[in-house]
Number of protein chains: 2
Amino acid sequence: MSRWEPDAQGRLRRAALELFEQRGFEQTTVAEIATRAGLTERTFFRHFADKREVLFRGSEELVGAITSAIAAAPASASPLDAVAAGLAAGGGGFHREFSGRRQAIILANPELQERELVKLAGLSAAIAAALQHRGVAPPAAELAGQTGVALFRVAFDRWLEDPAPRPYEVHVEEALTDLRSLTAAAG
Amino acid sequence: MSRWEPDAQGRLRRAALELFEQRGFEQTTVAEIATRAGLTERTFFRHFADKREVLFRGSEELVGAITSAIAAAPASASPLDAVAAGLAAGGGGFHREFSGRRQAIILANPELQERELVKLAGLSAAIAAALQHRGVAPPAAELAGQTGVALFRVAFDRWLEDPAPRPYEVHVEEALTDLRSLTAAAG
């Protein structure tokens, strides 16, 4: 085995996903992931801090992409339009097959679900902060942040289940349209 | 000390809150809570499964109250009107001082925050299920479930911070009105 491992990170990720699916996340060790990828544990730790990071790598970048796009939205954009633009921009980094398998692994493990929920709570707060930077008042910004996560989760689930599949950003737009119908019918 | 302890549960809850605030949740033991309440550990465990339950007791009842009220809403009520009625009914069991202190304790402890997020995710799923029982299609029900939790969190935070204070259900209605404005301005 040469010192240079072509696509070591991709091989480790694929090996980890297979093992998480076959044995469960809890029962899989880093040593097993490295062995299945034909690499060493040392190489694993050069790419990931721990086995959980195989699933959660990129969360910070996702939040960054969403909040940057919210900041870059035209001044005329309404708060939820800016949020929708942010979510659509964040979706640029999604890979449908990986996302679907990752989702199933997370749903099978309470510890991973908690982690995912903590990440989503952070996303809500980050969206609210980005909107406040645009001059949105704190109460509306908090509501839009919570609503943004609701839209994100619904659009993401629908995108994963869409047999077509239409792009993620189409599902963001549809979720926002559906939310407008729901709120218009209320009160 | 007589075998019958007047308001043992209330004394234990007050003692626990004080200790969680003074020393932190992690650093507080059940023995300390019992001692401060002038009761035994045995009595503590007759009322609570563990120290975390002092904070999370009642979560199931809350979800039950919300979903029952959603089921009982008039057939003519729109999905989000039914959700708002559910949230308002669930708020009947809230005590503002306890809720505010509980919130601060939870915000100071990542493990408790995770627990709270898991409870809220369960609430979202329960609202969606209650709406499906009313004949709401699954995609709209999921969106309304997620949106319901967004409304719950925002209304709850605003109620805790309201100097007036106006009742929780007024904040639920206001949050829904604000959400309608946000969505009407989008797209």
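The expected span of a helix is 1.5 Å times one less than its number of residues, and helices here are DSSP runs (H or I, at least four residues), numbered from the N terminus. This is a predicted model, in which local features need pLDDT of at least 70, side-chain atom pairs count only at pLDDT 80 or more, and totals for chains, interfaces and linings use all residues. Residues are numbered from 1 along each chain as its sequence is written, chains are lettered from A and ligands numbered from 1 in the order in which they are written, and side-chain values use heavy atoms, with hydrogens and water left out.

**Stop 1: α5 of chain A**

Select residues 59–72 of chain A, which form helix α5. Its 14 residues reach 20 Å from the first C-alpha to the last, close to the 20 Å expected at 1.5 Å a residue.

Now colour the buried residues (under 20% relative accessible area, with a 1.4 Å probe and protein chains only; exposed is over 50%, and partly exposed is in between). In α5(A) they are A:Ser59, A:Leu62, A:Ile66, A:Thr67, A:Ala69 and A:Ile70. Look down the helix axis: these residues fall within an arc of 160°, so they line one face of α5(A). The arc is taken from the directions from the helix axis to the C-beta atoms. Turn to the other side of α5(A) to find A:Glu60, A:Glu61, A:Ala71 and A:Ala72 exposed.

**Stop 2: the neighbours of α5(A)**

Against which helices do the buried residues of α5(A) pack? Show α4 (53–56), α6 (79–90), α8 (110–133) and α9 (138–161) of chain A.

Keep α6(A) on screen: α5(A) and α6(A) pack at an angle of about 140°, with their axes 7 Å apart. Axes are lines fitted to C-alpha atoms, for helices over the stretch in contact, and angles run from 0 to 180 degrees between N-to-C directions. That makes α5(A) oblique to α6(A); angles under 35 degrees count as roughly parallel, over 145 as roughly antiparallel, 65 to 115 as roughly perpendicular and the rest as oblique.

**Stop 3: α8 and α9 of chain A**

Next, display α8(A) with α9(A), which pack at about 135° with their axes 8 Å apart. They are therefore oblique to each other. The residues making this contact include A:Leu120 and A:Ile127 of α8(A) and A:Val149 and A:Phe152 of α9(A).

**Stop 4: across to chain B**

Select α5 (59–72) and α8 (110–133) of chain B, whose axes are 9 Å apart at an angle of about 20°. These two helices are therefore roughly parallel to each other. Their contact involves, among others, B:Val63 and B:Ile70 of α5(B) and B:Leu123 and B:Ala130 of α8(B).

Then pick B:Gln146 in helix α9 of chain B. Is B:Gln146 buried or exposed? B:Gln146 is buried, with a relative accessible area of 12%. Leaving aside neighbours within four places in sequence, B:Gln146 is in contact with A:Ala150, A:Arg153, A:Val154 and B:Ser124.

**Stop 5: two cis peptide bonds**

Most peptide bonds are trans. Zoom in on A:Ala164 to A:Pro165, where the bond is cis, with omega near -20°. A:Pro165 lies in the loop between α9 and α10 (168–184) of chain A. In chain B, the bond from B:Ala164 to B:Pro165 is cis, with omega near -25°, and B:Pro165 is in the loop between α9 and α10 of that chain.

Key:
Contact = heavy atoms within 4.5 Å.
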